[in-house]
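Q: I have a protein model open and would like to learn how to read it. Could you take me through it step by step?

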Amino acid sequence: MSKKAVLRVFGMTCKDCEATVRKGLLSSDGVLSAKVSLEEGFAEVVFDENKLRSQDLERIPVFSGRSRYRAQLREVI
């Protein structure tokens with residue numbers, strides 16, 4: 001079953017950042033689609049809850065380690 005999560009994304013400063021975050025989200029197993037907005041600082045992610053828990057979205061590689069980007073889960077629909 002798919003769910004939608006809204007993440008607040010920190011560290012994006014340009015359109016390349018927006019594209020990098022989107023690509024990083026889409027490369028994670030269980031993420032079905034991702035819409036990232038630099039202007040609003042948010043990402044909307046549709047994910048398969050059988051493969052990924054909503055709180056795991058904050059810890060996917062694009063948001064962890066030495067990455068400049070951080071995410072905070074705001075809402076799950």
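A: Happy to! Let's begin with strand pairing: two strands pair if DSSP finds at least two bridges between them. Keep in mind that this is a predicted model.

Q: How many bridges join strand S2 to strand S3 here, and do they run parallel or antiparallel?

A: Strand S2 (residues 31-37) and strand S3 (residues 42-48) are joined by six bridges, and they run antiparallel. To see this on screen, find Val36, which stands opposite Ala43 in S3.

Q: What do S2 and S3 form, and how many residues lie between them?

A: They form a hairpin, with four residues between the two strands. Look at Gly41 in the turn: its phi is positive, about 75°.

Q: What sits over the ring of Phe42?

A: For a charge over a ring, the cut-off is 6 Å from the ring centre. The charged end of Arg8 sits over the Phe42 ring, 5.6 Å from its centre. As for aromatic pairs, the structure holds zero.

Q: How can I judge the overall shape?

A: Compare the radius of gyration with that of a compact globule. For 77 residues such a globule would have a value near 11 Å, and the protein chain has 11 Å, so the two agree. Along its principal axes, the C-alpha trace spans about 35 × 25 × 15 Å.

Q: What share of the 77 residues counts as buried?

A: In this protein chain, 40% of the residues count as buried. The chain exposes about 4,700 Å², with carbon and sulfur atoms supplying 47% of that area.

Technical notes
Residues are numbered from 1 along each chain as its sequence is written. This is a predicted model: local features need pLDDT of at least 70, side-chain atom pairs count only at pLDDT 80 or more; totals for chains, interfaces and linings use all residues. Side-chain values use heavy atoms; hydrogens and water are left out. Rings of Phe, Tyr and Trp (its six-membered ring) pair if their centres lie within 6.5 Å; planes under 30 degrees apart count as stacked, over 60 as edge-to-face and the rest as tilted. A charge sits over a ring if NZ of Lys or CZ of Arg is within 6 Å of the ring centre and within 35 degrees of the ring normal. The radius of gyration is taken over C-alpha atoms; the globule rule is 2.2 Å times the number of residues to the power 0.38. Buried means under 20% relative accessible area, exposed over 50%, partly exposed in between (1.4 Å probe, protein chains only). Accessible areas come from the Shrake-Rupley method with a 1.4 Å probe; for residues, only the protein chains shown count as cover.
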